[in-house]
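Please look over the sequence and the structure shown below before reading on. The briefing then takes up a few local features, grouped by topic.

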Amino acid sequence: MTSSAATGQPPVFIEVGEGSARRRIAVRARSGGSPGLFWLGGFKSDMQGTKAIALDAWATERNRACVRFDYSGHGESGGDFIDGTIGRWLEESVAVFEQFCAGPQVVIGSSMGGWMALLLARELARRQATRASLAGLVLIAPAPDFTEELMWKGFSLQARQEIETRGVWLRPSEYGEPYPITRALIEEGRKHLLLGSAIEVGCPVRILQGAQDPDVPWRHAFALAHRLPADDVVLTVIQDGDHRLSRPQDIARIIAAVAEIG
């Protein structure tokens, strides 16, 4: 299998934001047939991860368009992670989608990227004129509202106090060094909560969720499914799956979900 990453294609960069909030976003985009693939990565992840590379390779073999990018503070993009918020990363997602995508797109969102995909769908519905549209969403261990439901509500009193008084708390991580959780991330995230009402996306949705996921419990995926229209939503629970869902059999399921949409 070959991919743009495997063949060493360097990213291109776009500028997003104004003034002191301006940041440089790294994008890897390849033209091809429709529906194109648009990848939205997770919190503290980047476009060179196993799932993103596998999807890019699959698209390459079928001459399908594929767009990947890194949020600010992630991977090859500029900016500091500590400055990141849901709204900031959503602004970047919309900017990349509008600049690099044309025609119908299958949007694949992993973890936080699942939240981004849903927010992107809502934002596109508000903008009637766009050269790209949604063919469907494939959500992998989707984490809508995670800053509130999976972080803030589960934090200890000490962690909450540190966030409120110091503005940041270093959260231990199983995937590497502790990472900063800022008051801005928590408070700004409340502007983008989705699970309190119905979520209209206007396209088919496929959700893949590991039952052994320690970061996004399977009940969270069920709560999301109940908020989506019932006509074309499929939730697949992988009994022995973890949060990453990056094993060969998991990748095969993800690709099958993408292929089912188109």
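Which residues line the largest cavity? In this predicted model, the lining is made up of F43, F81, I82, G84, W89, P180, T182 and L185.

- Rolling a probe the size of a water molecule over the atoms shows where empty space is left.
- The count comes to one cavity of 30 Å³ or more, and the largest cavity has a volume of about 30 Å³.
- Sorted by class, the residues that line the largest cavity are six nonpolar and two polar ones, with no charged residues.

**Surface patch**
- W218, F222 and V237 together make a nonpolar surface patch of about 230 Å².
- V237, which belongs to strand β10 (residues 233–238), counts as partly exposed because its relative accessibility is 34%, a value between the cut-offs of 20% and 50%.

**Backbone details**
- Most residues other than glycine have a negative phi, and most peptide bonds are trans.
- The peptide bond from S34 to P35 is cis, with omega near -5°, and P35 is found in strand β3 (residues 33–40).
- N63, although not a glycine, has a positive phi of about 55°; N63 sits in the loop between α1 (50–61) and β4 (64–69) and counts as exposed because its relative accessibility is 54%.
- S111, also a residue other than glycine, has a positive phi near 55°; S111 lies in the loop between β5 (103–110) and α3 (112–126) and is buried, with a relative accessible area of 13%.

Note on methods
Residues are numbered from 1 along each chain as its sequence is written. This is a predicted model: local features need pLDDT of at least 70, side-chain atom pairs count only at pLDDT 80 or more; totals for chains, interfaces and linings use all residues. Side-chain values use heavy atoms; hydrogens and water are left out. Patches are made of residues with over 30% relative accessible area and no salt bridge: like charges are joined within 9 Å, nonpolar side chains (Val, Leu, Ile, Met, Phe, Trp, Tyr) within 5 Å. Accessible areas come from the Shrake-Rupley method with a 1.4 Å probe; for residues, only the protein chains shown count as cover. A salt bridge is a side-chain nitrogen of Lys or Arg within 4 Å of a carboxyl oxygen of Asp or Glu. Helices (H or I, at least four residues) and strands (E, at least two) are DSSP runs, numbered from the N terminus. Buried means under 20% relative accessible area, exposed over 50%, partly exposed in between (1.4 Å probe, protein chains only). On a 1 Å grid over the protein atoms alone, a cavity is a set of points where a 1.4 Å probe fits but cannot get out, and a pocket is an open set with protein on both sides within 12 Å along at least five of seven lines; lining residues have an atom within 4 Å of a point. Grid points are joined across faces, edges and corners, and a volume is the space filled by probe spheres set on the points. Ala, Val, Leu, Ile, Met, Phe, Trp, Tyr, Cys and Pro count as nonpolar, Asp, Glu, Lys and Arg as charged, and the others, Gly among them, as polar.
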